[in-house]
Amino acid sequence: MTQSTASPFRTRTVLILVAAGFILALGFLLVSAYGDRFDRQRGNIPSPSSRFATGFYGLTKLVELSGGTVSLSSDAEERPESGILVLTPNVGTSSDEIRQAMGGHEGPTLVILPKWVAAPIQNRPNREQRLTTVSPERLVAMLAQTVTVAPHTEKSGTRLRYSSGLPGSPFRIDGEIQAVESDKLVPLIVAPDGASVLSQVGASGTYILADPDLLNNHGLAYRQNARAAMALLAALDPDTPGTVIFDTMVPYGSGGRNLLQLAFEPPFAGVSIALLIAALLAGIATLVRFGPVRREQRAVPFGKAALIENIVSLARRARRTREGGSAYADAIRDWAARRLALPRTLQGEALDAQLDAIPTTTSYTAATERVRGATTETELLHAAQALDDWRKEVKA
């Protein structure tokens, strides 16, 4: 291998570059497919994984530290059957999304309504500032398929009251209280003016918590509210206390599925894996070849050997190879006469007799007759070899 054709990279370097490119390409595809989902989860949407003041990460950790079981579910058909289902809709959640998230859950369902419109504080992780409260019209539209309510807020002056004998501990609220009113709601926890802060939808197992400050991260900063929160969850689900299922489809939204997500999720994930393995095997087969690369040969190769091969090939195609015996015998005779410096007057049979008179192991006349009388290529080859042996003996 010459210096101009030598590779400037080692094999190990090339493999590292290929592996790095593959990992970066895979990362780019994953970010393109699920980037919007990651952005939603990192925001300050009131969700079970949000550490902002309006989030509910503190409630999930409180249940776990109290010995309970917390499940995060994004599919209504695959969630556990037992336990209380907690829905934490945001400002943009529709009533249809809430109904779909409820699905056919057999246990109790707690819907925690949003209260604040907040935004993250720049350069301060997990901190947010309250901009305003959610409008009553938005809450009415959010519960349109569940119950018709009349939301309102009032200033907190006294403790919240348990009006239905529901066992629990008192909550502490600072600031305004968000409550709802409806003829179809059974009040469980009421505000000072009698409006429902926590209510039950008729005789169903659906409960509506109008003020999220009772259970969100901001509210659970008070130890009193932490005790009351655990007592409330146990009271709403006395059959399986401590088993809580947080829905993640409502706060984050289902999002739009694209072709890249279909490639990474069942049932098409198997096809993607198969294609990846096939590409990997093709790459290995390319790197580990059996023998050198076979390059295309020239139509007319260089050198005397190639020229002779071409002549023989043409003669064989014309079926005239046997006619070459007499020409070869004449060429050896003329060549021997010149090398032995025989008189030029010797021609034909006289020259043959002179050459045959030279004492050699191989008879010149016999070898010549064999060459001239060969009928096949094999006979001609053997006869030519015998005549060549004679030539070597006379040092011609």
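Ala, Val, Leu, Ile, Met, Phe, Trp, Tyr, Cys and Pro count here as nonpolar, Asp, Glu, Lys and Arg as charged, and the others, Gly among them, as polar. By these classes, the lining of the largest pocket has 7 nonpolar, 3 polar and 3 charged residues. The structure is a predicted model, in which local features need pLDDT of at least 70 and side-chain atom pairs count only at pLDDT 80 or more, while totals for chains, interfaces and linings use all residues. Residues are numbered from 1 along each chain as its sequence is written, and side-chain values use heavy atoms, with hydrogens and water left out.

**Confidence**
- The protein has a mean pLDDT (the predictor's confidence in each residue, from 0 to 100) of 83, and 91% of its residues reach 70 or more.
- Confidence is lowest in helix H7 (residues 259-264), with a mean of 75, and highest in strand S3 (residues 109-112), at 94.
- Helices (H or I, at least four residues) and strands (E, at least two) are DSSP runs numbered from the N terminus.

**Pockets**
- A pocket is an open set of points on a 1 Å grid over the protein atoms alone, with protein on both sides within 12 Å along at least five of seven lines; lining residues have an atom within 4 Å of a point.
- A volume is the space filled by probe spheres set on the points, which are joined across faces, edges and corners.
- The largest pocket holds about 450 Å³ of space.
- Its lining has 13 residues, of which Val312, Thr321, Gly324, Leu380 and Ala384 are the closest to the centre.
- Helices H9 (304-317), H10 (324-339) and H13 (377-393) each supply at least two residues of the lining of the largest pocket.
- The second largest pocket holds about 310 Å³, and its lining divides into 10 nonpolar, 1 polar and no charged residues.
- Helix H8 gives the largest share of that lining, 6 residues; Phe22 and Leu276 are among the lining residues.

**Cavity**
- The largest cavity has a volume of about 50 Å³, and its lining includes Arg172, Asp174, Asp213 and His218.
- The lining of the largest cavity comprises 2 nonpolar, 3 polar and 3 charged residues.

**Asp247**
- Asp247 lies in strand S12 (residues 243-247).
- Asp247 counts as buried because its relative accessibility is 1%, where buried means under 20% relative accessible area, exposed over 50% and partly exposed in between (1.4 Å probe, protein chains only).
- The Asp247 side chain reaches the backbone nitrogen of Val250 at 2.8 Å.

Conventions:
Polar contact = N/O pair within 3.5 Å; in protein donor to acceptor, adjacent residues only side chain to side chain. 1 Å grid on protein atoms, 1.4 Å probe; cavity = no way out; pocket = protein on both sides within 12 Å on 5 of 7 lines; lining within 4 Å.
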